[in-house]
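The exercises below are meant to be worked with the sequence and the model side by side. Try each task before reading its solution.

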Amino acid sequence: MDKSILYTCVDNYAPLITALSDRIWGYAELSMEEVKSAQDYCRVLAEAGFSVTEHLGGIPTAFSGSFGSGKPVIGILGEFDALSGLSQEPGITERKPRPGSACGHGCGHNLLGAASLGAAIAVKEQIAAGKLSGTVVFYGCPGEEGCAGKTFLAKAGMFRDLDAALCWHPGDVNAVTTGSNAASLQYVYTFTGTASHAAGAPELGRSALDAAELMNTGVQYLREHMGERHSVHYAFLDAGGVSPNVVQPTASLVYMVRGETVRSARALLERVHNIARGAALMTDTEVTWKQIDGTASTLSNTVLEEVLQENLFAAPMPSYTPEEWAFAKALKDTYPETGLPGKLTAEDRKLRAFIKERTENGARAINNFVLPYVPSNAFSPGSTDVGDVSWLTPTAQFQAVTWSSGAPGHSWQNVSQGKTSMAHKGLLYAAKVLSGAAADLMENPALLQKARAEFQEAAAEGYDCPIDN
Ligand SMILES: [Zn+2]
Ligand SMILES: [Zn+2]
């Protein structure tokens, strides 16, 4: 089809989509607490003519909106949760928390969800007009930042009926995301001891805090003996009370154990469990643990990635005003120039050379170009719940420019930029890329078959859901 129809449709809906993004920016709700955001989305979806399912998979803030009938079924993933500690006034180049809110959209999920919805609307309009046939499903996926919402949706049986899933993420480059991510498992360990006077009756006390510290020490010694592509992180949730003259009777920690695969993360987790048991034994305390969430590794799909790349080129690239360039430059001056990360693949080096060539004195404030697509087996040590979707249906993702170049993830600078005209331009561009890719897949059964064949080979061992309980 002539994709300019899709692009015009996105532009026609621009006021609705950008206003939704701005409202979500304002709600700034944390993972699994996105009540207002989910209600707003469900209302917009219903008004746009989608058939809405609330409480998807039994999750209060998950939902879907579907339109059309029959095959193919194309899923477009949206996120909308914010981050704590990142309250920030919009559109300024200095750190200034916004009164009345402790949270902010430092990962740009206000833009992420709204662009995905914009794409779903553009595809829906073409199905309604008889120009495309099949079904488009927008997934409102809560809790990406802290709770792996998509993993719980996957556990509840979602995504399996899709022919493909597409998503994107706000960023500082226009580029297809490829390679794999680590699988992760999050557990809370709780130690229980006995309180007593730390000086008067220490022999009667059993310190849960000591146990927690010994567990952490044990894990430090484990690090040398973990495989590559594995890592362990922790944070204290409870260090007992605030009185040093009390033997602390409680302590709890949250641990994130990452591995190349769910299976290898589980093997590493068993060793962490043993260290917790050992710490309890040493201190004569009790330990229990409970899983919070987990994510699978990510399977890339080169067939879908090529479709996304073609659409990154096909959609009209935003142009920026002198004011937008100046704002991006002023923001760029608020964070240090990042050095090269430690481990770069040959592909990473090529991409960085490509950016450098297009950057005057290393100081381009907006990366207003599309990076070449280099399929790669690169491994990212971070984790994403998109990984779980990628084990259930062919899945691909890209980034689009919504932020000044080099902007750190999860930063106040990203919150500040989240409602700017530059972010809105990136949002609309992403919606056009997504809708173009969805249309390509709906019109070309052979493409979907090729994507399916690649997926079946990559996912041959089957989805191993990382959530056990
Ligand atoms: Zn994030
Ligand atoms: Zn994110």
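**Exercise 1.** Work out what share of the contacts in the protein chain with a separation of 6 or more comes from residues 24 or more positions apart.

*Solution.* Residues 24 or more positions apart then account for 81% of the contacts in the protein chain with a separation of 6 or more. This is a predicted model, in which local features need pLDDT of at least 70 and side-chain atom pairs count only at pLDDT 80 or more, while totals for chains, interfaces and linings use all residues. Residues are numbered from 1 along each chain as its sequence is written, and chains are lettered from A and ligands numbered from 1 in the order in which they are written.

**Exercise 2.** Determine which residues of helix H14 are buried and where they lie around the helix axis.

*Solution.* Begin with the helix itself, a DSSP run (H or I, at least four residues; strands are E runs of at least two), numbered from the N terminus. At 1.5 Å a residue, counted for one less than the number of residues, the 14 residues of H14 (residues 445-458) should span 20 Å, and the end C-alpha atoms are 20 Å apart, which agrees.

Next, call a residue buried if 20 or more other C-beta atoms lie within 10 Å of its own, exposed if 12 or fewer, and partly exposed in between. By this count Leu447, Leu448, Ala451 and Phe455 are the buried residues of H14. Seen down the axis of H14, they fall within an arc of 95° (taken from the directions from the axis to the C-beta atoms), so they line one face of the helix. An α-helix has 3.6 residues a turn, so residues three or four places apart point the same way.

Finally, the buried residues of H14 pack against strand E7 (164-171), helix H8 (302-314) and helix H13 (421-443), whereas Ala446, Gln449, Ala453, Gln456 and Glu457 on the other side are exposed.

**Exercise 3.** Classify proline 445 as buried, partly exposed or exposed.

*Solution.* Proline 445 lies in helix H14. It has 13 C-beta neighbours inside 10 Å and therefore counts as partly exposed.

How values were computed. Two residues are in contact if their C-beta atoms, placed from the backbone, lie within 7 Å.
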